[in-house]
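Subject: Structure for your review

Dear colleague,

Please find below the structure that I am handing over to you. My findings follow it, and I would be grateful if you would read them alongside the coordinates.

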Amino acid sequence: MVRRFDVIVVGGGLVGLAIAYGLAREGLRVAVCDEGERGFCASRGNFGLVWVQGKGADLPAYARLTAQSAQLWPVFAERLRGESGIDPALTQPGGFHLCLSADELAARAAAMARLQAHTPEFRYDVLDAREVRRRIPAIAPDFAGAIHSPHDGHVDPLKTLHALFIAFRVRGGVYLPRHGVAGITAERGAFTLSTAGGALQCGRLVLAAGLGNARLAPWVGLSAPVAPVRGQIMITERLAPFLPYPTTLVRQTDEGTVQIGESQEAAGFDDGTLPEVLAGMARRAIRLFPRLRSARVVRAWGALRIMTPDGFPLYEESRRHPGAFMTTCHSGVTLAAAHCDIVAPWVAGKADPGFAENFRAGRFAL
Ligand SMILES: Cc1cc2nc3c(=O)[nH]c(=O)nc-3n(C[C@H](O)[C@H](O)[C@H](O)COP(=O)(O)OP(=O)(O)OC[C@H]3O[C@@H](n4cnc5c(N)ncnc54)[C@H](O)[C@@H]3O)c2cc1C
């Protein structure tokens, strides 16, 4: 028996679920199929920033999309909370990128200036250490300064994922775990997927399988040149509140735990942890926040980012098989609101088809 849907989204991570939730809100009959717990899933191992500063310094369309998403997030979070009963714990108090050396601060400031040159509404400040300490008294004096942007914030990424899952189902969406897709055929405007759970059919198809898109995309005439970039994160026991703003290295969660993590490593498909990388990040965090010296680390993990050669997203509809879409990005937390409110209507054919012009994989062709 073949089960039929208006749209099938392959991949039940943050990208797939945000788009699927948006499509279900459009009144479409939507299924999400996922291979299950054993696959790589960046959405279960990320840092939780809703981050604008520095995004799209070299691609204005990406800077705009990121800024739009950050603006959409408060309403999106409220809607998710209302429909799922789970609060994604969004706060957008502004964020800091802390720099230990003057060179680091200068390089970062130059990137911000590039970003502002093409996106004048982007606001940021370059702050010296004294000004940062005025705003974050718990920080040690021994660093160069920081970039601050009022647009930045953070969420609980696991609660966000859970909220999306529930809200999607509340909207009538069908979630199919253990439905790894092993083949796709396109015929007369319909797509047939052979999956571990049986055959599925749809009129529109969204590939949102993260690193899995590299294998799936060619089946519908697309190409997804994505590669893994590992990040390692550790989390401490709960501490009394001391850090009212998220930073790119350290953030205190709504529950009081402190997340530390900023590594970027080429480690293939190894999503493990390395003591020397964790120790390096811990040293940097303790140098900035000495009170962390006595904090107990309760868990550490590695997860794989989904990275294109230029770091920018891919959004593309297949020319050979219209109705098949590919979506992938390395900031799926930040972009979740845009995926629901901008990308889903585009997939449904209700939004500007020009939206994806700057995000096609053709940009990598020689
Ligand atoms: C360490 C780290 C820190 C990060 N920090 C941030 C941050 O602070 N802010 C931010 O915005 N982003 C951050 N990110 C990025 C963010 O986590 C990702 O952009 C996002 O999770 C990608 O979601 P996704 O749904 O595309 O992919 P994934 O979460 O990887 O999900 C893909 C899903 O597809 C499934 N799948 C694969 N192949 C198939 C198949 N053939 N059939 C069926 N299912 C399949 C997989 O099992 C998986 O469940 C971070 C990432 C990492 C690794």
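How many nonpolar, polar and charged residues does the shell around the ligand have? By class there are 20 nonpolar, 18 polar and three charged residues in that shell. Please bear in mind throughout that this is a predicted model.

The ligand

The ligand is surrounded by 41 residues, and the closest are Gly13, Gly39, Gly212, Gly231 and Gly332. Helix 1, strand 12 (227-236) and strand 15 (297-307) are the elements that give two or more residues to this shell. The largest contribution comes from strand 15, which gives four residues. In terms of domains, the shell draws at least three residues from each of domain 1 (3-83 + 157-225 + 310-364) and domain 3 (227-307).

The domains

The protein chain is divided into three parts: domain 1 (3-83 + 157-225 + 310-364), domain 2 (95-150) and domain 3 (227-307). Between the C-alpha centres of domain 2 and domain 3 there is a distance of 20 Å. Domain 2 brings 10 residues to the contact between these two domains, and domain 3 brings 12 residues. On the side of domain 2 that touches domain 3, seven residues are nonpolar, two are polar and one is charged.

Helix packing

Two packed helices are described by the angle between their axes and the distance between the axes.

Helix 1 with helix 5. The axes of helix 1 (residues 14-25) and helix 5 (residues 157-170) come within 9 Å of each other, crossing at roughly 30°. Because angles under 35 degrees count as roughly parallel, helix 1 is roughly parallel to helix 5. Their crossing is left-handed. From helix 1, the residues Leu14, Leu17, Ala18, Ala20, Tyr21 and Ala24 take part, and they meet Thr160, Leu161, Leu164, Phe165, Ala167 and Phe168 of helix 5. This contact comprises 11 nonpolar residues, one polar residue and no charged residue.

Helix 1 with helix 8. Here the axes come within 7 Å and cross at roughly 55°, and the two helices are therefore oblique to each other. The crossing of helix 1 and helix 8 is right-handed. Helix 1 contributes Leu14, Val15, Ala18, Ile19, Tyr21, Gly22 and Leu23, while helix 8 contributes Ala336, His339, Cys340, Asp341, Val343, Ala344, Pro345 and Val347. By class, the residues of this contact are 12 nonpolar, two polar and one charged.

Helix 2 with helix 8. The axes of helix 2 (residues 60-84) and helix 8 (residues 336-347) come within 7 Å, and they cross at roughly 90°. Helix 2 and helix 8 are therefore roughly perpendicular to each other. Leu65, Gln68, Ser69, Leu72, Trp73 and Phe76 of helix 2 make this contact with Ala337, Ala338, Cys340, Asp341 and Ile342 of helix 8. Its residues divide into eight nonpolar, two polar and one charged.

With kind regards

Key
Residues are numbered from 1 along each chain as its sequence is written. This is a predicted model: local features need pLDDT of at least 70, side-chain atom pairs count only at pLDDT 80 or more; totals for chains, interfaces and linings use all residues. Axes are lines fitted to C-alpha atoms, for helices over the stretch in contact, and angles run from 0 to 180 degrees between N-to-C directions. Angles under 35 degrees count as roughly parallel, over 145 as roughly antiparallel, 65 to 115 as roughly perpendicular and the rest as oblique. A crossing is left-handed if the near helix is turned anticlockwise from the far one by less than a right angle, and right-handed if clockwise. Two residues are in contact if their C-beta atoms, placed from the backbone, lie within 7 Å. Ala, Val, Leu, Ile, Met, Phe, Trp, Tyr, Cys and Pro count as nonpolar, Asp, Glu, Lys and Arg as charged, and the others, Gly among them, as polar. A residue is near a molecule or strand if its C-beta atom, placed from the backbone, lies within 6 Å of it. Domain bounds come from an automatic or database domain assignment.
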